[in-house]
Amino acid sequence: CREARAQLTFDGDDVFAEPFLRSHVDAQGDATFVRVNGEALREPRLLATGDVLSIDTATLVFHRDMVPPVKRGVVPLAELLRRLDEETERSLRYQRPLTVLAVSFGSGGLASSSLRLAAAEAVVDALRLVDVVAWSHERELLVLLPETAETAKTPATRVVQAVLPFAAGARAGYASCPADGCDVDTLLRSAREAASTVPAGDVATTTDTNQARTIGDVTIVVADPAMKRLFAMIERLAVSDLPVLVCGETGVGKEVVAAALHAWSKRGRGRGRLVALNCAAVPEALLESELFGHEKGAFSGASSAKPGLFELSEDGTLFLDEVADLSPSAQAKLLRVLETKTVSRVGSVHERALDVRVVAATNRPLEGEVARGAFRQDLYFRLCAATVFVPPLRDRRLDLPVLARTLLRDACERLGRPTPTLSSQSMLRLARHSWPGNVRELKNAMAYVAATCRGDLVEPDLLPERVTDAPIGAPRPPSQPPSQPRSRPHPVPGQLPVLANDLLALRRKSGEFRNIYDEIRELERTRMLEALEAADGVRVRAAELIGMPLRTFVTKLREYELSPLSKRRRPPTSSS
């Protein structure tokens with residue numbers, strides 16, 4: 001090198017640093033002529049074993065011994081979450097396994113920072129170079145395990161064994177993508193839920209912590225913590241005879257809650273039975289007869305005496321679904337039955353003593369119905385001695401994969417066919433759909449898949465169009481056809497839209513405020529009229545246009561004294 005009047009400069013102070021070659025510039029400012037693998041060196045360049053260096057007339061071959069890989073330390077939580085987001089996308093796109101591990105150190109955590117440092121180093125030593133470790137807080141360590149699914153229990157157990165010398169109460173839970181979730185939040189919740197339910201020194205997956213609940217002849221599986229707490233409350237309520245009001249959106253499973261309240265009570269274990277009535281599906285003229293029964297000759301067509309549902313549910317449970325649709329007359333009579341525990345048939349003056357528990361359900365807030373005078377306040381307080389709210393499916397992300405696989409298996413068993421597997425992309429579409437129809441919509445979707453799938457794998461094109469065509473995370477409203485999307489301005493967080501601001505300013509100036517429930521009723525009536533006009537008076541189509549259940553639509557037609565346009569616009573018959 002001296003004879004060639006050149007100098008090789010390697011950056012780095014230790015053997016683990018990467019060697020960079022730079023051209024040497026002498027005192028006169030002339031650059032030494034250096035080539036790497038035949039190319040002129042004009043900027044610092046990373047060298048690899050086998051690179052050929054030409055310096056004037058000298059030729060050198062670079063070589064270094066194999067350097068062991070550098071173990072990663074604990075990274076900041078933000079870095080792990082960023083990597084988890086990237087790995088989740090890769091897992092779903094290329095159908096590659098991914099596992100998230102949550103290591104809990106119990107309520108006490110680790111006593112000192114030195115213990116936390118030692119425990120973290122032990123975890124890093126027990127893992128691969130590709131794995132990522134971060135503290136979420138002083139009592140929990142998160143681990144990202146790419147390319148790991150069915151075999152995740154092995155590294156998870158190794159991690160727990162590594163930290164047990166530092167924390168005797170350590171335990172861990174893990175969740176895999178897409179089997180247990182398709183987004184960061186769901187995977188983390190699943191792993192933490194699994195870790196919270198196992199004893200110290202043990203490891204569990206989400207499947208291990210699922211609860212199987214038997215309701216009569218039916219067994220359901222519960223995974224989401226909110227639903228576990230709900231059914232724990234139902235178990236406590238079942239031993240009493242308190243009236244229970246079950247609230248929740250259409251299709252969330254309110255009838256399942258009613259069945260559980262009955263099956264887990266002494267009434268369900270005795271000779272009593274569960275009798276259900278959909279208050280919105282029975283015409284008002286027949287509702288009282290259905291509930292309370294009638295005597296022979298009580299009205300035209302009453303050719304014989306008939307017991308009502310209250311009598312049929314003696315020593316059992318009466319489930320009143322859509323109780324908000326009861327007429328004022330039926331509400332008054334129901335209130336008397338609940339207060340006196342006696343029932344009188346239509347056309348009779350004799351009262352019969354009853355021992356019946358009443359469970360009511362509604363998809364509308366009864367407080368609002370009471371405020372606008374559509375529901376009796378005293379009856380409301382009679383029904384809501386205990387209130388149970390069933391969360392919608394979009395808020396039960398841990399339940400979604402379990403329910404989808406269970407409902408698909410049940411639908412295939414009914415058809416006598418083997419159960420296919422939902423692909424990762426299909427699970428992603430299911431997870432990102434907001435399920436306005438809740439569990440009922442999911443059940444119908446899985447029945448559709450069972451009927452149409454002919455292979456072993458369910459890809460997204462085999463899912464119903466409602467799931468695949470709707471925008472991810474925000475399904476299209478039924479009133480908005482796909483060919484005519486509505487463009488809406490994006491609201492600024494914390495700021496009302498311009499129109500709302502203008503209306504608010506006008507109302508503040510004029511002092512004209514109305515009862516909000518009156519405005520809601522007016523809007524509802526207007527939308528129903530518009531839907532009837534657009535559907536040429538066809539009630540089924542009109543209900544679909546505004547996303548309202550048909551039975552509710554028909555009930556509100558009577559309530560608002562509306563009639564289908566097709567009847568009002570029928571052309572007069574010409575006489576011959």
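## Overall surface and composition

The accessible surface of the protein chain comes to about 31,300 Å², of which 53% belongs to carbon and sulfur atoms; accessible areas come from the Shrake-Rupley method with a 1.4 Å probe, and for residues only the protein chains shown count as cover. The model is predicted, with local features needing pLDDT of at least 70 and side-chain atom pairs counting only at pLDDT 80 or more, while totals for chains, interfaces and linings use all residues. Residues are numbered from 1 along each chain as its sequence is written, and side-chain values use heavy atoms, with hydrogens and water left out.

Of the 576 residues in the protein chain, 43% are buried, a term that means under 20% relative accessible area, against over 50% for exposed and in between for partly exposed (1.4 Å probe, protein chains only). The chain has 22 helices and 25 strands, taken as DSSP runs numbered from the N terminus (helices H or I, at least four residues; strands E, at least two). Among contacts (heavy atoms within 4.5 Å) between residues at least 6 apart in sequence, 67% join residues at least 24 apart.

Two strands pair if DSSP finds at least two bridges between them. Strand β15 (residues 244–247) pairs with β22 in the parallel sense over four bridges, and C247 has T362 as its bridge partner in β22. Strand β19 (residues 317–321) also runs parallel to β22, joined by four bridges, with A360 as the bridge partner of L320.

Strand β6 (residues 52–55) is joined to β7 by four bridges, and V52 stands opposite V61 in β7.

## Nonpolar cores

A nonpolar core is a set of buried Ala, Val, Leu, Ile, Met, Phe, Trp, Tyr and Cys residues joined through side-chain atoms within 4.5 Å. The largest one has 42 residues, of which L430, W435, L442 and M446 touch the most other members; helix α14 (residues 399–415) supplies its largest share, seven residues.

Not counting residues up to four places away in sequence, M446 touches A404, L407, L408, A411, L430 and L463. A second, separate core of 33 residues includes C279, V343, V370 and F375.
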